[in-house]
Amino acid sequence: MTRLIDLKGAIFLSLLAAFCLAVPVLNLVVPEGSGLHLPTYLVSLFGKYLAYALLAVSLDLVWGYCGILSLGHGAFFALGGYAMGMYLMRQIGSRGVYGNPVLPDFMVFLNYKALPWYWYGFDHFAFAALMVLLVPGLLAFLFGWLAFRSRVTGVYLSIITQAMTYALMLAFFRNDMGLGGNNGLTDFKDLLGFNVQSQNFRVGIFVATGIALAFGYLIARAMTVSAYGKILIAVRDAESRTRFLGYRPEHFKTLAFTVSAMMAGVAGALYVPQVGIINPGEFAPGNSIEAVIWVAVGGRGTLVGAALGAVIVNYAKTILTGAMPDAWLFALGALFVVVTLFMPRGIVGTLMEKFGSRRAAATLPPEPEIAPKLAEEGQGS
Amino acid sequence: MTRLLALLFLLLSAPALAQGPDPYAQLAGDGYAEIEAGVAGLAASGDPRAGVILSALSDGRLLVRPSDKTLLIRQATGIVDARTGAPAQDDPALKPVRANNRVRRTIEASQGQLNLVSLDPAKRREAADAVFKARDAAALPALDTALAHEKDAAVKQAMTEARAAVLLAKPGTAEAEKLAAIPAIQARGDGDAMGILRGLGADPSEAVRAAAARGIAAIETRLAILGALQNVWYGISLGSVLLLAAIGLAITFGVMGVINMAHGEMVMLGAYTTYLVQEAIRTKAPALFPWSLAISIPCAFLVAGLVGVLIERFVIRFLYGRPLETLLATFGVSLVLQQAVRSIFGPTNREVGAPAFMSGAFDFYGLSVTWGRMWIILFSMAVFLGLLFVLRKTSFGLKTRAVTQNRRMAAAMGIRTPYVDALTFGLGSGIAGIAGVALSQIDNVSPNLGQGYIIDSFLVVVFGGVGNLWGTLVAALTLGVVNKLAEPYIGAVLAKIGLLIFIILFIQKRPRGLFALKGRAVES
């Protein structure tokens, strides 16, 4: 039995803990004039990275351990974000521009007479938190149950997950959807009584995101090192053989997909208060593909690598879009090509191969064998 | 010949009818009432000069010589005699014949009647339509005369409709006449006809009301069918656009199994090539502009095809058999291409002009068909058939299929598989470039052009069945038509969402698409 917290997990969790301690100290305790002081906007930026890291861990759970390349994880992330956004909208109350105690501003603007039924309950945090888990979870369960039962795999699955997030994006862009149309939900005031603009809240939600990431990692890790996880890896590497051994791959895949979607939903819910807006652009298929590259850069099938990849790529994005806005897409595009061609195992995967134990490396996704053969063939002819 | 005879008949009979005062004398008279009577008399006389004289009067070019009351017309070439058309002496004493609004109205009505006997069928038809619209009872006698001599079937029908419309609008028409007129209106079958029949709802006669109601029902059915046909046409048009966008992907994804996320960017490159070709033509050889699209097609094919070959050689070659990795790598390539085009041409839309043959529309049994759509449909079919020919009938197509079905065996037979791979990928990309030429005519040429088509293209190929060109054709047309038929009921966005959900569910039922290939080729 593999240990729940191995070496790389221990390093990751301690680094995360150190980060979650250092940032609040540098922001709250160190005085503003000091060179070590961390401005509040950076705290939110780091919080955003951690939310992305949680999304990447959730994606790695299905892609790295189960072979499901989901190009629709951005949809679960955005759905979680919308659930949180709806709660935040209801918290505004009569402080909106139109001062309506029940209806959010955009509804007053669009001549809504009453609150649509699906907004009921979102004034309670507990209900909203439940929805953050349930809405992405249910969608993923339904989608996964349908797709895995009929053995839709590989590329086909990727394409229909992409179609799913695209359809959701079109739907959320509609004003009739009652979720703010293309403006989305914004202008939030407070969460659980804390002002979302205040410094203390910013630090608080940053720490909360860090804790959520740690829990997300531990849940995913617990799943993958358990007996269940072994079968999940078996499904990834040889689905038919696993089926012939008497397992039902669709059950294993559906469970992983659902848990992963819930995790992505939580990431979205933590992301929204930090950026202050959620709009249908979050459903854009490009976002989901970008999340995939975070996982690929860090190393798929390592969990730690996924989180690391998300932080590294997004940090690079922040730096590059600030310094040379035009260069970012070139760099991101090149990253996609270079990582897939030259570093198929990602940063952490490559390190594990070099320095890790043989047994740990065995859980990595197998290196595809067809490419070398093709190269041989190319030379031969 | 018959036309001339008919005209002669009119000429001969007219003076007999108009036994009253000479209209020329009346026109030269003093009061407006006299001039108006002259206009009406001249129109009824059937005088071949009547049209010229009346238009001169309405333009203020009809002159009268006070000394002998002779009418003259001022033309660009000089003064002519109104009655004979012979040149005449200019004279400072000439006074224009005045016209007030009453006289002008009479002139307009008379010109309509004159046109009814014009030698030009198009003019006669126009006049009949004008009467139909105006429903002026005064035009009835002229209409009857013209109808009696009309030989052209289309014009005759227009006149019958006009006559029926006048009869139905005129108070005091007998019930039998009305009942006879209703079918003529019903046969017209458009919104105007429906309006006339609706107007009969308060008719005292029950038989007329019933006939009108039947007519309305018949017209409504006809219009509904026409509307549905129009939507099917729009659907075919949308389907042909989908086909164009997807057909290159049917090669790279369908035949080669490469998930080319940069496919949309190949389309975009084709559109930008069109833009560049047009710019070059505008500055260097404006006379060639009508041919700009034809010139762009091979250029776009070469540009996109070349980029495709480069992508294959430098990226995809290393990733065969790893479809998910190709997806990521080509997505990266698509980002780079988009940003490159954005850096070179700027983020805004580029103007691509449409040659004259792409604009305008024609009427096809009540369907309005625009030439632009027509050409795109024909073009997509031509591309489809051309590609089918290349794959089925050429040596290159044979090799492509061989490599696809069994790479090792093909290599053993002496086919240079890497070479075939590169060319096949170039072909698929080149076809995407050609699609870009057509899409530049209907979409904004911007760096994001390709992104709008990539998801749809994949869905078309997957829906149709991977590796099957006919499946792609059927899928594209089906999705296009279903989308357009659903649009009037649930709106464009919901129709699109519904279609996406349908495809997601369809893939569950038939994971290999509509027309799945059977045999070993699909086992992967």
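In this predicted model, the domain assignment divides chain B into domain 1 (1-117) and domain 2 (226-522). The centres of domain 1 of chain B and domain 2 of chain B, taken over C-alpha atoms, are separated by 65 Å. Chain B is also in contact with chain A, through 40 residues of chain B and 44 residues of chain A.

**Contact between the chains**
- On the side of chain A that touches chain B, two or more residues each come from α5 (125-149), α6 (154-173), α11 (285-298), α13 (327-342) and α16 (370-380) of chain A.
- The most is given by α6(A), with 13 residues.
- By class, this side of chain A comprises 32 nonpolar, eight polar and four charged residues.

**Annotated transmembrane regions of chain A**
- An unreviewed UniProt entry carries the annotation "transmembrane region" for several stretches of chain A, including residues 51-84, 125-148, 155-173 and 327-348.
- Residues 51-84 of chain A are 82% helix and 0% strand, with the end C-alpha atoms 14 Å apart.
- Residues 125-148 of chain A are 100% helix and 0% strand, and here the end C-alpha atoms lie 34 Å apart.

**Helix α14 of chain A**
- In helix α14 (residues 346-355) of chain A, the buried residues are A:G346, A:V348, A:G349 and A:M352.
- Viewed down the axis of α14(A), these buried residues line one face of the helix, because they fall within an arc of 125°.
- An α-helix has 3.6 residues a turn, so residues three or four places apart point the same way.
- A:K354 and A:F355 are exposed on the other side of α14(A).

Conventions:
Residues numbered from 1 in each chain as written. Chains lettered and ligands numbered in written order. Predicted model: local features only at pLDDT ≥ 70, side-chain atom pairs only at ≥ 80, totals over all residues. Contact = placed C-beta atoms within 7 Å. Helix = DSSP H or I, 4+ residues; strand = E, 2+ residues; numbered from the N terminus. Nonpolar A, V, L, I, M, F, W, Y, C, P; charged D, E, K, R; others polar. Domains from an automatic or database assignment. UniProt positions renumbered as here; feature names shortened; annotations may be inferred. Buried ≥ 20, exposed ≤ 12 C-beta atoms within 10 Å, placed from the backbone. Arc of directions from axis to C-beta.
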